[in-house]
Each structure stands twice: as structure tokens, then as C-alpha cells.
Amino acid sequence: MRLSSLKVATLKEVPADADTASHKLMLRAGLIRQLAAGLYSWLPLGLKVMRKVEQVVREEMDNAGALELLMPCVQPAELWEESGRWEQYGPELLRITDRHARDFCFGPTHEEVITDLARRELRSYKQLPVTYYQIQTKFRDEIRPRFGVMRAREFLMKDAYSFHIDSESLDETYQVMFDAYSKIFTRLGLRFRAVTADSGAIGGKVSHEFHVLAESGEDAIAFSDSGDYAANVELAEAQAPASTRQPPAEAMQKVATPGVRTIDDIASFLKVRPADCLKTLLVEGADGGVVALVLRGDHELNALKAAQHPLVASPLRMAAADAVEKAAGCPPGFVGPVGLSVPLISDRSAVAMANFVCGANSTDQHLTGVNWGRDLPEPDVSDLRNVVDGDPSPDGQGTLTIARGIEVGHIFQLGDKYSASMGSGVLAEDGKHRTLVMGCYGIGITRIVAAAIEQNHDARGIVWPASLAPFDVALVPINMHKSMRLRQAAEALYQTLTTAGYEVLFDDRDARPGVKFADIDLYGIPHRVVLSDRGLDSGTLEYKARDQEQAEHIKQTEFLDFLARTITNAV
């Protein structure tokens, strides 16, 4: 492509609400333009990158034996009512009505549609297992679209669904899909982790998320520094401390702490560590009452773990201020476990504490020197907290490291969540009707583009992995419009590189060298070759890889071989 024909200008300034690197760079490089909140047009360069993601995904899904189809974006409400999700899904579901006053939605996902298709098309166990996939536009009415295409309302997604006669067959396909996803993200040149995850609104019991590692990631993931364990922080188990609890060494005392409510403030006020303090959170109980959750002061409550406790309401809800006053006799900030007459659940680390500081259930009062078993009964114990860096890995292999990740893929074992409610089944080998067992496998195509930029950029712009770059080579002649022989040499090299199979961005603009170099760096093209009259005189070309600082001079007669070796070695 000749850059003069692109007709899309790069930008120096971007909107103030563009707060991630990918959002800023995609706007600056002219990959996307915003139409409305969470809605984006993909311009030629951006579309080329997205199509490359699609190509890799499609190839690996085909290699895994999945069959491509295409389902409607707009779905009838009746299917969602059958599954029970018409009301359950919430306001993210864009509900629409046609001219006949019939209810539809713009699909955020396609479990209902594919299950309806399966119950119409699949009749016998002999047709199983089978996996269908599509690359389709989805719409989720995010309450606050942000981060550009990372959390847009409309996006492109690959979703696949498998159907099985039993869970053993599902296990086999699930592993095939897990391996296919690993190949996809490896081919795309991304640093990623597959982690055990929660199934969320999609449902099912077994699921894994695939995260691109990036500091800007919304999700925290935990993985072993010496083993294979990896999980979303919300699911990673926090092990009990290996050391035994110390015996009481201090007398319990009540101290005045006027206006001191937070753990950091109380630690500073009493000159202790947050880890020496204990915090008590009152939440709604499963029976409608109040339950006290107790954690070490430097640890964070894990809402998912807490909500799984049989005494706690699910989803987790903090107790209202009046309920706190009634249960503890004080406002939040001074609640403690001593003397509380509500069910009390302690985290594993909190129950290992001795001589700790906690609220006194009295305004502007705290207790010091508190000990389990002496000053209050031993509590019910459960894993309630988020893991932190340095915690022992649940698999016994090393310690945990916490990193930020951007979720780009999610696979689920759905079981019969949809097939049972929608009556999708086949005749088994014994002649009896058997409800289908399902799997679900999603990849965010548009999100991968943004995640790749979050992981691969510098101060000058995007640094594409080779498999994602819109072009392989940027050809940049200097002052070509003033030199006929340079123009002829540049045109000849453009044809030579194109004939050799390279995708070339030919910067044929009449622009200053600095402008050209800045734009090419912003675009993130992996390989840049510069032609000049001086180089023609010496028989050389100037070459620089996008991820390198220094350029080098290569003989013109050796450049094709050099480029082939360089690209081969980089893969």
C-alpha cells in the first residue's frame, strides 16, 4: 500500500477521556474513530490488524475440528425466556421491539441460539461430539464504556459451542479447545496466562480465562513462581499460615482512638503494623440477619469466597449502617469481634493472629492485646481473603506472584445449564433420550488488538508482534520527489519486496524525514528500510527494526536475504 492513498491522518492530540495506551495509540495511529460512547469505526489499518487476528483464530479453530457457521445478531426474547436469562442477564442486555411489538435482543452471546439450533439439528448420539463456532458482532450495553475497544459496547467475538453425550466427551473437547487457545495466543506473539476462573453470568462449573499480561489489565491473576498453578485472584486459595499461633503475651486493654476508623489510621495512631490489626466487616446473612467477617488488617476481603459460605447471603452485600449499629452498638470503623452476638467467621490468617488490635464496638474506642480463646471464643474459620504476592502456592510449588491481566479468552464447561432448560437432547446408544452436555469457548477479537498494544508499545507508538502488524515492512525514501533515480529505486524495491511476498507500506508522501519516521514508528511496523541518494551512492540501505534503537546499513544486493533471515529469526 502507498501511504499517500491511505487518507487517514495521524493525530498528535487525543480526547481527554482516552486513558489507556491502546485507546490513545489506536486513535493517534488512525486505527479507529469513535462514533458514539462504546461504538467505533475500524479504519483500514485497524481492520487489517483485526483481520489478522481473525485469520489465526479461524485457522486454529478449523485445526481443532470446529465447524464455522453464522448466527443472527438479533435474537427473539422467547429463547432467552426459555433459558431464564431474559430477566437474569440485567441491563447489559439491549432489548428491542420490532414493528409487531415482539421482543428481541441484540445478542451479547449466543448460548440460546446455538442450543435452539442443536435441538433442531441433532437427533442421535452418532452426530456427537460436534463443535460449532462463529466470528460475530456482539453488543453489551456497558454502563460506562471505557478504554476504547477494550470495553466497548459493540465488539467482534469468536464464540464456539460444543455438544456431547456425556461429561467425559466434554472433558476431551475442553482440552482440545484449551490447547487451541494456547496456540492462538502463542501465534499472535502475546505473553499470556491461562487461569482458573469463575463462570459468571454464562454459567457452568469448570472454566479458564486467558489473560494477556499487562500493567493496565483490569484483572489480577495469581501464578506460581515455580509451578504450573495459575488462577484469577478471586478464585486463588489462600493457604493457612504454616507457623502456629503465638500464646497471649499482652493484657487486653481499651484505648481511646477519637475519629480513627481505617486500618491505616489506627496502625499509625497506635504505632503498629496493619498486619497487627484485625478488621471486622458486617455483611448480610443468608437468613436475613447479620454475619461478621474477620480479616487481618492488611488483607482484602474476597467477595466471591465470602458469598460461597453457607451463612452469608449471595451475592455478598455489606450490612446497612443501621444494621451495623444494631448488631455492634457503634458505627462502622469501630466494630470488633469481642462480645459480638452474631455469627462470626474468621479468615485463616486472622485466626492465626495473637495480641492484635481490633475495634471495641464503641465509638472512638479500640482494643489492644486481644487473643483468641482468652478474650473471645475460637471462631468458625474459612478462606475469605485475596491472595497476595509471596503467599504459598496452593499446589505446593513455590510462592504466588500477582500480575495484572487483560482477559481475551474464556472457556466454560456449561454442562446441561442450557440444554436442560431448552429441551435439547438426542437418542443415546441405548435408545433413551439424553440431554446434551455443552461447552462454550469465547475469544474477544477486537479486545486482542487493544491488549496487544497494551503489552507492546513505547514512547513512540505501537510495537506490533510480527503476526499482528498491518504491514511487514515500511519502505521510506528520503526526498524522493526531488530525485528521479531515488524514485525509480524506491519503486523497484517496492515491487521486489511485494513480489517476494511481503506486505509493504510505501511512504511515498512528500514529507520531511522526521514526519515519516514518527508516523512509521507510531504505526508499529516491525521492519523499516530507508532509501536515500547517499545510500544509493554507497550501494546500501538503512535498516532498523521497530524494537531497536540503532539503525544499520545493509548492502542493497544482500537486503532480501538479510530481511528473510531477520524475519525468520524473529519468529
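Biologist: Where does Ala101 lie?
Modeller: This is a predicted model. In it, Ala101 lies in the loop between β5 (94-97) and β6 (103-106).

Biologist: What is phi of Ala101?
Modeller: Near 65 degrees, a positive value in a residue other than glycine.

Biologist: Ala101, buried or exposed?
Modeller: Ala101 counts as exposed, because its relative accessibility is 60% and the cut-off for exposed is over 50%.

Biologist: And Phe147, where is that found?
Modeller: Phe147 is in the loop between β7 and β8 (154-164). Phe147 is not a glycine either, and its phi is positive, about 65 degrees.

Biologist: Is Phe147 buried or exposed?
Modeller: Buried, since its relative accessible area is 19% and buried means under 20%.

Biologist: Next, peptide bonds. Which residue does a cis peptide bond join to Pro129?
Modeller: Leu128, with omega about -5 degrees. Pro129 is in the loop between α5 (111-121) and β7 (130-139). There is also a cis peptide bond from Ser314 to Pro315, with omega near 0 degrees. Pro315 sits in the loop between α8 (303-307) and α9 (321-328).

Biologist: Now Asn371. Where is its place?
Modeller: In the loop between β18 (365-370) and β19 (380-382). Asn371 is buried, with a relative accessible area of 2%.

Biologist: What does Asn371 touch?
Modeller: Leaving out residues up to four places away in sequence, Asn371 touches Pro247, Pro248, Glu250, Ala354, Asn355, Phe356 and Leu376.

Biologist: Which backbone atoms lie by a polar atom of the Asn371 side chain?
Modeller: The backbone nitrogen of Asn355 lies 3.0 Å from a polar atom of that side chain. The backbone oxygen of Gly369 lies 3.2 Å from a polar atom of the Asn371 side chain.

Biologist: How far apart are Asn371 and Val357?
Modeller: 9.3 Å in space, C-alpha to C-alpha, and 14 residues in sequence.

Biologist: On to the core. Which residues of the largest nonpolar core touch the most other members?
Modeller: That core has 65 residues, and those touching the most other members are Met26, Leu31, Tyr181, Phe185, Leu188, Trp464 and Tyr523. There is a second, separate core of 28 residues, with Trp80, Ile114, Val130 and Ala428 among them.

Biologist: What does Tyr523 touch?
Modeller: Not counting residues up to four places away in sequence, the contacts of Tyr523 include Leu3, Leu6, Val8, Ile462, Trp464 and Leu505.

Biologist: How many salt bridges in the whole structure?
Modeller: A search finds 39. One of the pairs is Asp391 and Arg385, whose side chains meet at 2.9 Å, N to O.

Biologist: Arg385 and Asp391, buried or exposed?
Modeller: Arg385 is buried, at 3% relative accessible area. Asp391 is buried, at 10%.

Biologist: What about Arg485 and Asp537?
Modeller: Their side chains meet in a salt bridge, 2.6 Å from N to O. The pair links distant parts of the chain, 52 residues apart: Arg485 is in helix α13 (residues 484-499) and Asp537 is in helix α15 (residues 533-538). Arg485 is partly exposed, with a relative accessible area of 40%, and Asp537 is exposed, at 58%.

Biologist: Last one: which residues are linked in a network of salt bridges?
Modeller: Asp458, Arg460, Asp521, Arg546 and Glu549.

How values were computed:
Residues are numbered from 1 along each chain as its sequence is written. This is a predicted model: local features need pLDDT of at least 70, side-chain atom pairs count only at pLDDT 80 or more; totals for chains, interfaces and linings use all residues. Side-chain values use heavy atoms; hydrogens and water are left out. Helices (H or I, at least four residues) and strands (E, at least two) are DSSP runs, numbered from the N terminus. Buried means under 20% relative accessible area, exposed over 50%, partly exposed in between (1.4 Å probe, protein chains only). Contact means heavy atoms within 4.5 Å. A polar contact is a pair of N or O atoms within 3.5 Å; within protein, one must be able to donate a hydrogen and the other to accept it, and residues adjacent in sequence count only if both atoms are side-chain atoms. A nonpolar core is a set of buried Ala, Val, Leu, Ile, Met, Phe, Trp, Tyr and Cys residues joined through side-chain atoms within 4.5 Å. A salt bridge is a side-chain nitrogen of Lys or Arg within 4 Å of a carboxyl oxygen of Asp or Glu.
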